[in-house]
Amino acid sequence: MPDQYVISGSNVATLADSCGGYGLVDNAAIVVDGDRVAWVGSRSDLPEAFHVLPHIDHSGRLITPALIDCHTHIIHSGNRAREFEMRLNGASYEEVARAGGGIVATVDATRAASEAELLASALIRVDGLIAMGVAAIEVKSGYGLDIETELKMLRVARELGRQRPIRIKTSYLAAHAVPRGANADNYIDEICLPGLRAADAQGLVDAVDGFCEGIAFDTAQIARVFDLACELALPVKLHAEQLSHMGGTALAARYGALSADHVEYATDADAAALAKSGTIAVLLPGAYYAIRENKAPPVQAFRDHGVPMAVSTDWNPGSSPLGSLLLAMNMACTLFRLTPAEALAGTTRNAARALGLDDCGVIAPGMRADLAIWKVRHPAELSYGIGINPLHTRIFGGHA
């Protein structure tokens, strides 16, 4: 594609609408200059200076910002289909974990896998997300629970961004589970904290995450990890209030976290705290669906307090084997009662904020030209479809 060109004739959902709408422009034009958007607006208002540029007609299609999957565990080995059967036969997520399944089962497989094997399997998942219009993916460690495997996972995550046209943001998640036979406090001291220092020294970490839950770590233990993250000037995020109310959301707010994720058991007071700290609430309907949770996140409280909501796949081998961000949008609407506009904002504008990105997620002058061109006319169709991928093409940094 040329360095400068105009995309014209389509409907454009800019997502630059602070009032919560699509920011929809009918019969629009987008001027792309290098890897940035230079202008967007009604085709009839296109400045004369841009008329001489090559025009690419996408009449009858919809353009949105490229999608962003802001919470994934796509680097792992093995699967946990047997646990799926166990849960269908009545076992709870906690019962599966305490029986030796859950996260620690994936840890065994991931430790045994080579770096090349982890890369090969993760690239398949990345390719699937790219094919759905995704341009940025958050990738967590957390299936090592020893220093070397945590670093191995983060190295693979960095390699994904070198081998594919995709932005990768890494999260250090050694505080994901307590290894078999270990003491949680000793594990924090002996593995999590020195591992974080090593990962940061090697330039492998963009953010620090943890799992605050009865089957994982309490708020005091997570706070020790977050204290080191602050010392290293790394932003934090947290798996919070997924299975019970442990105080993780308030902890995330206290540390000014980028995001608090899951948040099914969050309260109105938690929503107020997130609003004050500017923390994004990341909704993960795939996990809610897969573990047959029956307590939905307090979406109305988030609305009432003005907490931005992101939506993500939480793609992982156990509690959310969901590889479609489009399906996550549909599930967020049907299970959590988000509007289609909220779901699209949740996978673009708010997902960018959940990753600390300020140059994508909306279509506006100066922003990256990361665009998704869809074979639909109205943005509500993206959340409406079930198992449908209407992507026509994805533009990444100005290039298809």
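**Reading the strands**

Analyst: Lys-140 stands opposite Ser-171 in S8, where strands are DSSP runs (E, at least two residues) numbered from the N terminus. The model is predicted, so that local features need pLDDT of at least 70, side-chain atom pairs count only at pLDDT 80 or more, and totals for chains, interfaces and linings use all residues. Residues are numbered from 1 along each chain as its sequence is written, and side-chain values use heavy atoms, with hydrogens and water left out.

User: How many bridges join S7 to S8, and in which sense do they run?

Analyst: Two strands pair if DSSP finds at least two bridges between them; here strand S7 (residues 134-140) and strand S8 (residues 167-175) run parallel and are joined by five.

User: In what order do the eight strands of the open sheet lie?

Analyst: The order is S6-S7-S8-S9-S10-S11-S12-S13, with parallel pairing. Because S6 (67-69) and S13 (309-311) stand at the edges with a single partner strand each, one side of each is left without a neighbour in the sheet.

User: Which strands pair with S1, and in which sense?

Analyst: S1 pairs with strand S2 (residues 24-33) in the antiparallel sense over eight bridges, and Tyr-5 has Val-32 as its bridge partner in S2. The pairing of S1 with strand S4 (residues 55-57) is parallel over three bridges, with Val-6 opposite His-55, and the pairing with strand S5 (residues 62-65) is parallel over two bridges, with Asn-11 opposite Leu-62.

User: Is S1 mostly covered or mostly uncovered?

Analyst: Strand S1 (residues 4-13) is mostly covered, as nine of its ten residues are buried, meaning under 20% relative accessible area with a 1.4 Å probe and protein chains only.

Conventions
Helix = DSSP H or I, 4+ residues; strand = E, 2+ residues; numbered from the N terminus. Buried < 20%, exposed > 50% of the residue type's maximum accessible area, 1.4 Å probe, protein only.
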